[in-house]
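Good morning, and thank you for joining this meeting.

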Amino acid sequence: MGRQFNEFKAAELHCPQCGSVQPVRERPASALTIELLCSRCATVLGQHTVMDHSLGGKLARLASSLFGGRK
Ligand SMILES: [Zn+2]
């Protein structure tokens with residue numbers, strides 16, 4: 001795979017609290033996870049895993065190779 005989707009950006013998501021699509025803010029939830037928060041009410045709308053940017057990314061890959069089973 002030549003291309004990496006290492007800049008996953010969800011600029012806007014539907015927020016059930018606001019009842020409409022709202023811009024999101026990213027907040028690190030852990031070393032490997034970023035939470036996507038509604039910029040209006042700060043409800044967590046989703047999260048994604050950090051990939052390949054750092055030691056954390058390498059650990060994540062190692063973990064997925066251990067637990068994912070597929071190369
Ligand atoms: Zn909201």
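Which arrangement do the four donor atoms around the zinc ion make? Please note before I reply that this is a predicted model. The arrangement is tetrahedral, because the angles that the four donor atoms subtend are 103 to 114°. For four donors to count as tetrahedral, all angles must lie between 85 and 135 degrees.

Let us name the donors. The zinc ion is held by the SG atoms of Cys15, Cys18, Cys38 and Cys41, at 2.2 to 2.4 Å. Along the sequence, these donor residues follow the spacing C-x2-C-x19-C-x2-C. Cys18 belongs to the loop between β1 (12-15) and β2 (20-28), and Cys41 to the loop between β3 and β4, so this pair ties together parts that are 23 residues apart in sequence.

As a reminder, a disulfide is a covalent bond between the sulfur atoms of two cysteines.

Cys18 counts as partly exposed, at 22% relative accessibility. Cys41 is also partly exposed, with a relative accessible area of 34%.

I now turn to Cys41 and its surroundings. Leaving aside residues up to four places away in sequence, Cys41 touches Cys15, Gln17 and Cys18. Between Cys41 and Val24 there are 9.9 Å in space, C-alpha to C-alpha, and the two are 17 residues apart in sequence.

Finally, consider the strands on either side of Cys41, whose loop lies between β3 (33-38) and β4 (44-49). How do β3 and β4 run, and how many bridges join them? They run antiparallel, and five bridges join them. Thr33 has Thr49 of β4 standing opposite. The hairpin of β3 and β4 has five residues between the strands, and there Ala42 takes a positive phi near 70°.

Thank you for your attention.

How values were computed: Residues are numbered from 1 along each chain as its sequence is written. This is a predicted model: local features need pLDDT of at least 70, side-chain atom pairs count only at pLDDT 80 or more; totals for chains, interfaces and linings use all residues. Side-chain values use heavy atoms; hydrogens and water are left out. Helices (H or I, at least four residues) and strands (E, at least two) are DSSP runs, numbered from the N terminus. Buried means under 20% relative accessible area, exposed over 50%, partly exposed in between (1.4 Å probe, protein chains only). Contact means heavy atoms within 4.5 Å. Donors are N, O and S atoms within 2.8 Å of the metal (3.2 Å for Na, K and Ca); water is not among the atoms, so sites may look incomplete. Four donors count as tetrahedral if all angles lie between 85 and 135 degrees; four count as square planar and six as octahedral if opposite donors are over 155 degrees apart and all others between 65 and 115; anything else is irregular. Two strands pair if DSSP finds at least two bridges between them.
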